[in-house]
Amino acid sequence: MAHIVVLGAGIGGIPMAYELKDRARPGDRITVVSNSDRFQFVPSNPWVAVGWRKRGDITVPLAEPFARKGIAFNHSGCRALRPHDNALDLGDGTSLGYDQLVIATGPDLAFDEIEGFGPQANTVSICHVDHAEAAAQRWEQFCRDPGPLVVGAVQGASCFGPAYEFAMIADADLRRRRIRHKVPMTFVTSEPY
């Protein structure tokens, strides 16, 4: 029987693992490998960034739901893929062999592509719940001393929706706080339309 490994436990990996489990033959094994023990609903990160939600509102522990479905779960992450050996080298130092591999790892954030870009430099990100929590702290500071605000996504971005969503959420939150008139907003995009 086959051992099928799904690498990634996000919006793509979790439904794939469940679908594979439903379609698997008796005796097939499904294992999910992730670098986190929790799923985070990334589309809610903008809400975290303005304080409308907390991390616990948008994250779900994965071990129990996978166990209920008979899906093995390892959250030590993957250090290396060895396709010629049909194996993954995991973050805990072990290896995991597979017969079939589904890669659903999600985005690789490339803040280093633009000098000064990213949450460790001069911009705020909402791409991960950790970033959104840090953004929430900066948002509160900004709202205490409001001024011009630039929101957007840069060239090479694979998804522009969160920038638009954050701009609208920021606008709504500023209106709720009755300080929108103090915040001239500029939206920046590399989209040609």
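Buried residues are those under 20% relative accessible area, exposed ones those over 50%, and partly exposed ones those in between, with a 1.4 Å probe and protein chains only. The model is predicted, so that local features need pLDDT of at least 70 and side-chain atom pairs count only at pLDDT 80 or more, while totals for chains, interfaces and linings use all residues. Residues are numbered from 1 along each chain as its sequence is written, and side-chain values use heavy atoms, with hydrogens and water left out.

**View 1. Cysteines of the model.** Searching the whole structure gives zero disulfides (pairs of cysteine sulfur atoms within 2.5 Å). The closest cysteine sulfur to that of Cys159 lies in Cys127, 8.8 Å away and too far for a bond. Cys159 is partly exposed, at a relative accessible area of 48%, and Cys78 is likewise partly exposed, at 31%.

**View 2. The largest nonpolar core.** This core (buried Ala, Val, Leu, Ile, Met, Phe, Trp, Tyr and Cys residues joined through side-chain atoms within 4.5 Å) has 20 residues, and Trp139, Phe142 and Leu174 are among those with the most contacts inside it. Two or more residues come from each of helix H2 (45-49), helix H5 (129-144), strand E10 (149-152) and helix H6 (161-176), where helices (H or I, at least four residues) and strands (E, at least two) are DSSP runs numbered from the N terminus; H5 gives the most, with six residues.

**View 3. Helix H6.** The buried residues of H6, including Phe166 and Leu174, pack against H2, H5, E10 and strand E11 (185-188). Just after H6, Arg178 takes a positive phi of about 65°.

Key. Contact = heavy atoms within 4.5 Å.
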